[in-house]
Amino acid sequence: MLACNVQLLGAKKKNLAGFSTATSQFRVGHIEQTEVSQTTPPALKMRACRLVAAKSTLAAHVDSIRGDPSGKQGRAYREEIRKKIEKWQEPPPAKQPKPFPVPDSEPKKKRGGCRLRKMKERYAITDMRKLANRMQFGVRKESSLGDGLGEGYGMLGQAGNGKLRVSVGQSKLAAKVAKKYDSLNMTFF
């Protein structure tokens, strides 16, 4: 007999005539009334019943061929069932933090080309940002809020005229686009 059928031996299907099945105990057979099944927590009861049914089927096969007259194999199965149920009740091991890998010292090899050059030029740091990031030694920081808080201006406007102006150099990409449109005799508004 299969273990799935052994699990259902002695179960009675009740006719509840339309009432709720939440509180009724279906599939309560002889296996679920054993000591092993009764001592397990309710969340693990179905797994324990499946395990007991499987091991009892194996023990029945051993008994049918008269393989172990002393009952040593049956006790070994019972101990195995007890150990497995205890293992299920243990909390899962704590997750160990995974360290970051050591960064490579050499930069990743990227293929060049027109698209990559355009992307690098588009996202490159501007001259204005370079000047704002640079600090002059021994000069008090001037900021956007005026009290030293906020974002500083760095070397912007340090020429002495008090203006925050940077000579705008045209990028190669913008120059190329302008040259292309000039050759087509197009004007921008």
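Buried, for a residue, is under 20% relative accessible area, exposed is over 50%, and partly exposed is in between, all with a 1.4 Å probe and protein chains only. Arg 82, at 39% relative accessibility, therefore counts as partly exposed. This is a predicted model, where local features need pLDDT of at least 70 and side-chain atom pairs count only at pLDDT 80 or more, while totals for chains, interfaces and linings use all residues. Residues are numbered from 1 along each chain as its sequence is written, and side-chain values use heavy atoms, with hydrogens and water left out.

**The overall picture**

The protein chain has seven helices and zero strands. Read from the N terminus, its elements go α-α-α-α-α-α-α. Helices here are DSSP runs of H or I with at least four residues, strands are runs of E with at least two, and numbering starts at the N terminus. Of the chain's 189 residues, 14% are buried. The chain exposes about 16800 Å², and 57% of that is supplied by carbon and sulfur atoms; the areas come from the Shrake-Rupley method with a 1.4 Å probe, and for residues only the protein chains shown count as cover.

How much of the contact list comes from residues 24 or more positions apart? Among contacts in the protein chain with a separation of 6 or more, they account for 39%. A contact means heavy atoms within 4.5 Å.

**Salt bridges**

How many salt bridges does the structure hold? There are four, each being a side-chain nitrogen of Lys or Arg within 4 Å of a carboxyl oxygen of Asp or Glu. The table lists some of them.

| Salt bridge | N to O distance |
|---|---|
| Glu 35 and Arg 78 | 3.1 Å |
| Glu 79 and Arg 82 | 2.1 Å |
| Arg 82 and Glu 86 | 2.6 Å |

Let's take Glu 35 and Arg 78, which are joined by a salt bridge. This pair links distant parts of the chain, with Glu 35 in helix H2 (residues 35-39) and Arg 78 in helix H4 (residues 72-89), 43 residues apart. Glu 35 counts as exposed because its relative accessibility is 54%, and Arg 78 is partly exposed at 47%.

The other two pairs in the table belong to helix H4. Glu 79 and Arg 82 are three residues apart there, so about one helical turn separates them. Arg 82 and Glu 86 are four residues apart in H4, again about one turn of the helix. Salt bridges with shared partners then join Glu 79, Arg 82 and Glu 86 into one network. Glu 79 is partly exposed at 32% relative accessible area, and Glu 86 is partly exposed at 43%.

**The nonpolar core**

A nonpolar core is a set of buried Ala, Val, Leu, Ile, Met, Phe, Trp, Tyr and Cys residues joined through side-chain atoms within 4.5 Å. The largest one has 10 residues, including Val 6, Ile 31, Val 36, Leu 51, Ile 81 and Ile 85. Helices H3 (45-64) and H4 are the elements that give two or more residues to this core. Which helix brings the largest share? That would be H3, with five residues.

Leu 51 is one of the core residues. Setting aside neighbours within four places in sequence, Leu 51 is in contact with Ile 81, Lys 84 and Trp 88.

**A couple of other arginines**

Which residue other than glycine has a positive phi, near 55°? It's Arg 66, found in the loop between H3 and H4. Arg 66 is exposed, at 72% relative accessible area.

Further along, Arg 129 is found in helix H6 (residues 127-133). Arg 129 is partly exposed at 37% relative accessibility.
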